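Thanks for coming, everyone. I have one structure to walk through today.

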Amino acid sequence: MTNVPIWKLNNGIEIPSLGFGVFKVAEGEQVYDAVLEALKCGYRLIDTAAAYGNEEGVGRALKDSGLSREEVFITTKLQNKDQGFENTLAAFETSLKKLGTDYIDLYLIHWPGKDKYVESYKAMEKLYKEGRVKAIGVCNFHIPHLKNLITICQVKPVIDQIELHPLMNQKEIRYFCKQNDIQVEAWGPLMQGKGDLSAPVFQELGVKYSKSPAQVILRWHHQNDVLVIPKSVTPARIKENLDIFDFELSAEDMEKINAHNEDRRLSADPDTNMNGFL
Ligand code: NDP
């Protein structure tokens, strides 16, 4: 059993508000073991991508977990080199095969790039209408990308998955998405191991709430209505990151973490980098 609250996306589909990310988790035993461990601990959302090269291992772990397909929410993503209408349809089939499943819960465009995201999204709309994906969305889209997509396309993206953590709290995109009923999902929620989890604010709040700095940060995301997908290959941390639903940060403590913002990216900027980091 899992105590992760379930949220509803704008098309009515339900999604766990906390999932497990597998960026930079190696294909083969590493991803297999990590995903199996996560499912054992109670995670029911796995966030992978074609570009991570580990969809097969994710699929194998899912099969061996003893859980039914319907019990686990699977997200995968269209990689940059596969953008374009026909390419997207072909890439989807490849991901499906590697994952060993006959549908995807959430299919995302991984990076806006320059000029192909609209046709790629139209192919995803086709997959959605055919019932082959339960929901479609985007990653790393800024407000102009989202406005463009909403104007041109028929199916509103359910999610925008963006770099979001205490150093880069993305207030404007969060506001825009709230107004437009698009769920924000944070990647790099723990600053990808590049930020300072032992900064005084996280340490102090950790002591106050008897939680680790990582748990304090994940709880901050949750109370900001941001879906999180922390990654870890360390069993104790996999368990720790799930254990954030038995405490609540006060409004004052939420503000202390908000004040940590420096609008500092730890990775590529979708406005200036057309290829992302993939
Ligand atoms: P995270 O912010 O999740 O950080 C992962 C790092 O934090 C790892 O080094 C991990 O170490 C460490 N860590 C995890 N838990 C703890 C803990 N409790 N205490 C201390 N350190 C901890 O970064 P990610 O980049 O992995 O982002 C999460 C997910 O978001 C990805 O896995 C991927 O699914 C998705 N993503 C999407 C992107 C996109 O463009 N759409 C881009 C990047 C990520 P260790 O593993 O050694 O335990």
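**One histidine, then the ligand**

Start with His222. Leaving aside residues up to four places away in sequence, His222 touches Pro5, Trp7, Ser17, Ile244 and Phe245. Bear in mind that this is a predicted model.

Where does His222 sit? Its place is in helix H8, which covers residues 213-223. Is His222 buried or exposed? The relative accessible area is 12%. Buried means under 20%, so His222 counts as buried.

Now the ligand. It sits in the largest pocket. There are 29 residues around the ligand. Which come nearest? Those are Asp47, Leu190, Lys231, Ser232 and Thr234.

Look at helix H9 next, residues 235-242. This helix gives the most to the shell around the ligand, with three residues.

An N or O atom in the Thr234 side chain is 2.6 Å from an oxygen atom of the ligand. Asn140 uses its side chain too: a polar atom there lies 2.9 Å from a ligand oxygen. With Gly188, the backbone does the work: a polar backbone atom is 2.9 Å from an oxygen atom of the ligand.

How much of the ligand does the protein cover? On its own, the ligand has 910 Å² of accessible area, and the protein covers 90% of that.

To recap: His222 is buried in helix H8, and the ligand sits in the largest pocket.

Notes:
Residues numbered from 1 in each chain as written. Predicted model: local features only at pLDDT ≥ 70, side-chain atom pairs only at ≥ 80, totals over all residues. Heavy atoms only, no water. Helix = DSSP H or I, 4+ residues; strand = E, 2+ residues; numbered from the N terminus. Buried < 20%, exposed > 50% of the residue type's maximum accessible area, 1.4 Å probe, protein only. Contact = heavy atoms within 4.5 Å. Near = heavy atom within 4 Å. Polar contact = N/O pair within 3.5 Å; in protein donor to acceptor, adjacent residues only side chain to side chain. Areas by Shrake-Rupley, 256 points an atom, 1.4 Å probe, with all protein chains shown as cover. 1 Å grid on protein atoms, 1.4 Å probe; cavity = no way out; pocket = protein on both sides within 12 Å on 5 of 7 lines; lining within 4 Å. Sits in = over half its atoms within 2 Å of the grid points.
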